[in-house]
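This report is written for a reader meeting the structure for the first time. Please look over the sequence and the model before reading on.

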Amino acid sequence: MSAISNFVDQQVQVILYDGRVIVGTLKAFDLRSNVVLSDCVEREFSAEEGVEMVPLGLYMIKGDNVAVIAEIDTDKDATIDFSSIRADPLPQIHF
């Protein structure tokens, strides 16, 4: 978890074990991988429509739901037209 400390106050993408994709600013975390994100949205992928951005605001994610946390390049992310992306939602992750 020490690597995640570099992401505090940075925009991150969190992929949950149920397949949801949450994007927001990492505000806090603990040793159990619980995270707090501010100004976050859920990116809902669809094969028929573009990616829908569902606003969530301040959001806490319990650590046992977190599969991946990754830093986002905000400059590149700003250039992506998510309404034109067609993709199936991620399936639930089994381990």
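Predicted model: local features only at pLDDT ≥ 70, side-chain atom pairs only at ≥ 80, totals over all residues.

Five strands form an open sheet with antiparallel pairing, in the order β4-β3-β2-β1-β5. Strands β4 (52–61) and β5 stand at the edges; each has a single partner strand, so one side of each is left without a neighbour in the sheet. From one strand to the next, the twist averages 30°.

One of the pairings joins β1 (residues 11–16) to β2 (residues 21–29), antiparallel and over five bridges. Within it, Gln13 stands opposite Val23 in β2.

## Val66 in strand β5

Val66 belongs to strand β5, which covers residues 66–71. Its relative accessibility is 11%, and because the limit for a buried residue is under 20%, Val66 counts as buried.

The residues that Val66 touches, leaving out those up to four places away in sequence, are Val14, Ile15, Leu16, Tyr17, Ser33 and Ile61. Tyr17 lies 49 residues from Val66 along the chain, yet their C-alpha atoms are separated by 6.2 Å.

## Ser46 in a loop

Ser46 sits in the loop between β3 (35–44) and β4. Although in a loop, Ser46 counts as buried, with 16% relative accessibility.

The side chain of Ser46 reaches the backbone nitrogen of Glu48 at 3.2 Å. Setting aside residues up to four places away in sequence, Ser46 also touches Ile85, Arg86 and Ala87.

## Salt bridges

Side chains of opposite charge can pair when their charged atoms come close. The structure holds four salt bridges. One of them is between Lys27 and Asp9, whose closest N and O atoms are 3.0 Å apart. This pair links distant parts of the chain, with Lys27 in strand β2 and Asp9 in the segment before β1, 18 residues apart. Lys27 is partly exposed at 42% relative accessibility, and Asp9 is partly exposed at 47%.

Arg20 and Asp18 form another salt bridge, with 2.9 Å between the closest N and O atoms. Arg20 counts as partly exposed at 28% relative accessibility, as does Asp18 at 40%. Asp64 and Lys62 also meet through their side chains in a salt bridge, at 4.0 Å from N to O. Here Asp64 is exposed, with a relative accessible area of 52%, and Lys62 is likewise exposed at 52%.

Terms used:
Residues numbered from 1 in each chain as written. Heavy atoms only, no water. Helix = DSSP H or I, 4+ residues; strand = E, 2+ residues; numbered from the N terminus. Buried < 20%, exposed > 50% of the residue type's maximum accessible area, 1.4 Å probe, protein only. Contact = heavy atoms within 4.5 Å. Pairing = 2+ DSSP bridges. Axes fitted to C-alpha atoms, helices over the stretch in contact; angles between N-to-C directions. Polar contact = N/O pair within 3.5 Å; in protein donor to acceptor, adjacent residues only side chain to side chain.
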